[in-house]
Amino acid sequence: MLLTITSTTKPATDLGYLLHKHPERVHTTRLPFGDAIVFYPEATDARCTAALLLDVNPVDLSRARKGSPHGAPLQPYVNSRPYIASSFMSVAISRTLKTALNGRCDSHPDLAEARLPYEATVAAVQCVGGSDLLRRLFEPLGYEVSAHEQLLDERFPEWGVSPIIGVTLQGTVRLSELLTHLYVLIPVLDGQKHYWVGDAEVEKLIRYGENWLAGHPERELIAKRYLKHRRSLETAALEQLLVDEAAPESLEEPPEETAPDTEERLGLNEQRVIAITEELRSRAAGTVVDLGCGDGKLLRALLGERQFTKILGMDVSTRSLEFAADRLHFRDLPPMQRERIDLIQGSLTYRDERLSGFDAGVVAEVIEHLDAGRLAALERVVFEFAGPRLVVVTTPNIEYNQVFGMEDGVLRHKDHRFEWTREQFEGWASGVASAHGYTVEFKPIGPIDQSHGAPTQMAVFSR
Ligand code: SAH
């Protein structure tokens with residue numbers, strides 16, 4: 001897969017500052033499904049082109065997923081994924097050009113703000129709907145669109161043109177706008193997204209579409225395809241867009257609390273949010289307290305679902321609570337939403353009346369931050385004093401660290417006091433369950449490795 005971006009604004013090599021990638025170097029980022037390589041095939045004062053080459057390795061890809069959903073036995077290894085730009089390209093954009101995607105350039109802030117002429121070429125997109133769809137998506141955003149269509153086979157013109165099209169966009173935009181449009185619309189062209197679609201996807205669509213999607217004539221098609229025809233998610237996305245229009249944007253990058261590189265590559269944060277939300281939903285929890293809520297990713301997903309009528313986020317860190325408040329647009333929530341959610345500061349190691357009376361409690365990626373004595377206090381606070389009928393606890397599975405290629409004894413985050421094997425976690429959870437009158441079930445989160453299990457382990461306690 002190849003994406004190129006060309007600037008002709010002198011000195012054109014300033015593109016290197018904007019992309020945070022030096023034009024004289026080759027920058028390689030390892031992703032779970034292959035390598036993303038940024039390099040500059042031309043870098044002169046008059047014209048500078050950055051290329052993002054995504055070298056998808058179908059073998060890595062089939063490993064990073066839970067096996068092939070359907071198709072012929074070789075299909076996971078021999079397919080068009082390496083060549084045709086898809087949601088993998090979006091992942092590569094967000095992983096390698098994240099700062100530019102977010103419109104930040106500390107060394108040249110004026111350049112990041114400026115609308116300049118750019119040309120972007122995507123070598124091959126699978127355009128379900130033909131070049132007409134390309135125009136309907138990109139022209140309203142101010143681009144001149146050229147589509148390079150080809151016959152499927154020159155010897156058989158009657159077979160018609162290939163749905164795989166090369167596309168060039170020319171427009172005078174901010175670089176972050178160009179990247180954002182590509183980030184959202186490449187998977188839309190493709191018509192299928194290859195990674196999980198869940199509430200976190202709604203959030204991404206809102207976040208990256210906020211300045212342009214609400215006014216785009218094809219916004220419904222975009223939301224529909226982006227979210228892969230999931231009606232409820234789609235409605236939630238459109239509703240939130242309308243709400244968010246009124247809210248000033250203050251979404252900063254969340255603090256790097258528990259997302260080391262390796263976890264982030266698998267999209268584990270998102271998968272956890274999806275798995276936990278699903279658990280709460282299927283067990284009909286209406287009121288939820290998120291204990292150690294961090295920067296509020298789960299809270300945001302819960303707020304998007306009407307089933308959750310009362311949501312409380314608690315954390316010991318005021319900084320995390322501030323990030324959560326930003327993520328939720330907390331101060332600008334419409335009154336109906338504002339009544340459903342609250343954020344409080346507190347510690348899970350002290351008995352706290354405010355935590356009582358909820359259907360469910362979530363303790364996601366928190367226990368490993370506590371040392372043994374405090375963990376015992378947390379057990380009493382959560383299971384004895386707060387005592388909701390449902391408690392969901394997640395924690396890393398240390399066995400999986402080997403799959404991440406980490407050395408023995410190294411933990412995923414410097415603040416982790418421990419990480420447990422599946423046996424250790426299940427032993428602890430079973431003890432807690434029987435001491436406090438709960439039953440407990442265990443579920444893996446993330447891709448499962450045959451001998452090491454999944455990267456995250458979840459215990460679901462109920463009574
Ligand atoms: N649940 C979130 C955040 C996990 S990071 C998520 O899954 O993304 C761990 C969080 O636990 C941090 O925000 C940290 O501030 C919080 N934390 C650590 N010790 C705590 C304690 N004793 N009481 C409450 N929160 C605590």
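Begin by selecting E365, which sits in the loop between β11 (360-364) and α16 (372-386). The model on screen is a predicted one, and at this point of it E365 shows a positive phi of about 55 degrees even though it is not a glycine. Most residues other than glycine have a negative phi. With a relative accessible area of 7%, E365 is buried.

Now move to A284, in the loop between α12 (268-282) and β8 (287-291). A284 also has a positive phi, of about 55 degrees, and A284 is likewise not a glycine.

For another backbone feature, select K10 together with P11: the peptide bond that leads from K10 to P11 is cis, with omega near -10 degrees. Most peptide bonds are trans. P11 belongs to the loop between β1 (2-7) and α1 (15-19).

Zoom out for a moment to take in the protein chain, which has 17 helices and 14 strands. Of its 463 residues, 54% count as buried, and among contacts between residues at least 6 apart in sequence, 72% join residues at least 24 apart.

Select the cysteines C105 and C293 next. C105 counts as buried at 4% relative accessibility, and C293 counts as buried at 8%. The structure holds zero disulfides.

From there, go to E119 in strand β5, residues 116-126. Is this residue buried or partly exposed? Its relative accessible area is 23%, and E119 is therefore partly exposed, the cut-off for buried being under 20%. Displaying its surroundings, and leaving out residues up to four places away in sequence, one finds that E119 touches T4, I5, T6, R47, T168, L169 and Q170. The C-alpha atoms of E119 and L169 are 5.6 Å apart in space, although the two residues are 50 residues apart in sequence, while the side chains of E119 and Q170 are joined by a polar contact of 3.1 Å.

The tour continues at L221, which lies in helix α9 and, at 22% relative accessibility, counts as partly exposed. Apart from neighbours within four places in sequence, L221 is in contact with L133, R136 and L137. Of these, L137 is 84 residues away in sequence, and the C-alpha atoms of L221 and L137 are 9.3 Å apart in space.

Which residues make the contact? On the α7 side they are Y183, V184, L185, P187, V188 and L189, and on the α9 side they are I222, R225 and Y226. By residue class, the contact of α7 with α9 is made up of eight nonpolar residues, no polar ones and one charged residue.

Terms used:
Residues are numbered from 1 along each chain as its sequence is written. This is a predicted model: local features need pLDDT of at least 70, side-chain atom pairs count only at pLDDT 80 or more; totals for chains, interfaces and linings use all residues. Side-chain values use heavy atoms; hydrogens and water are left out. Contact means heavy atoms within 4.5 Å. Helices (H or I, at least four residues) and strands (E, at least two) are DSSP runs, numbered from the N terminus. Ala, Val, Leu, Ile, Met, Phe, Trp, Tyr, Cys and Pro count as nonpolar, Asp, Glu, Lys and Arg as charged, and the others, Gly among them, as polar. Buried means under 20% relative accessible area, exposed over 50%, partly exposed in between (1.4 Å probe, protein chains only). A polar contact is a pair of N or O atoms within 3.5 Å; within protein, one must be able to donate a hydrogen and the other to accept it, and residues adjacent in sequence count only if both atoms are side-chain atoms. A disulfide is a pair of cysteine sulfur atoms within 2.5 Å.
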